[in-house]
Amino acid sequence: MHWLTDPLQYGFMVRALCASTLIGLACSIVGVYVVLRNLSFIGDGLAHASFAGIVIAYLMKFNLYVGGLLFAVLTAVGIGAISKRSEISVDTTIGVLFTAAFALGVLLMSQARNYIVDLQDYLFGNVLGVDRTDMIVVASLTTAVIAIVLLLYKELLFASFDPVMAEASGVPTTFLYYLLLVVLAVTIIVSLQAAGIVLVAALLVTPAATAYQLTNRFPSMMAISAAVGVLSAVVGLYISYYLKAASGSTIVLVATACFIAAMALSPKRRSVLSSIVEARRNAVRVQ
């Protein structure tokens, strides 16, 4: 068991394991709503949009998390407002706003006199560089995200599956939509340290998509997604330690392997295949 305990002798690995576990948990829980409400592109867009806020905060010597969070939240609210109050589709709105925000971040970064290594970590992730301050931020934001999901569990569930009926029943669907966008923005900022802007969308979507292959029940889907998210984070981090590979990439690849395995073992897939086989047998009998 030394292969399991040896990495724990280093403080940076213990902090990385704690942070990646929290990140995997937050992403997988929020990711269920992302998958069910087809918000995957929004997740990717907000991740890229946050880069402008991170660069601005860096240049102003401000907290990078706060800068990225503010910009991501503003972009999320902008996406919701434009898509609901105009004839422009959500995808088009996301494409316009997130590319503009990301371009602004690249422009500001190019104007810096010195090469900004810290900002590159936010692009590709560096969970091994988590310090105590980062741990406090990650733990606080993860707790806030999970608390909101638990407090509004029934309302978010109702609005996700049947928004028309939910609105007719008095559920504030518009408020919940904006709140979900804000929660999504917070979750993305939490995840940047582990996976970076480039890969954060995978952490949001892949565990939930894996769970969707295995169950039709919402509580089971959320539980399976959380398990896959945490497992991917821990296993991926161990693999990155021993292979000396990028931690964010290994975490995402482990999650992807879980998704492929779930597709192969999916009861939904087996039921479809059984139907095809049975139809062919009936056709043969008729002939």
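The model is predicted, so local features need pLDDT of at least 70 and side-chain atom pairs count only at pLDDT 80 or more, while totals for chains, interfaces and linings use all residues. Residues are numbered from 1 along each chain as its sequence is written, and side-chain values use heavy atoms, without hydrogens and water.

Helix H10 covers residues 173–214; helices are DSSP runs of H or I with at least four residues, numbered from the N terminus. Its end C-alpha atoms lie only 28 Å apart, whereas a straight helix of 42 residues would span 62 Å at 1.5 Å a residue, the expected span being 1.5 Å times one less than the number of residues. H10 bends by about 110 degrees at Gln193, as the angle between axes fitted to the seven residues ending there and the seven starting there.

H10 also gives the most to the lining of the second largest pocket, with three residues. A pocket is an open set of points on a 1 Å grid over the protein atoms alone, where a 1.4 Å probe fits, with protein on both sides within 12 Å along at least five of seven lines; lining residues have an atom within 4 Å of a point. Among the lining residues are Arg37, Lys84 and Tyr177.

The structure holds zero disulfides, a disulfide being a pair of cysteine sulfur atoms within 2.5 Å.

| Residue | Relative accessible area | Class |
|---|---|---|
| Cys18 | 39% | partly exposed |
| Cys258 | 19% | buried |

Note on methods: Helix = DSSP H or I, 4+ residues; strand = E, 2+ residues; numbered from the N terminus. Buried < 20%, exposed > 50% of the residue type's maximum accessible area, 1.4 Å probe, protein only.
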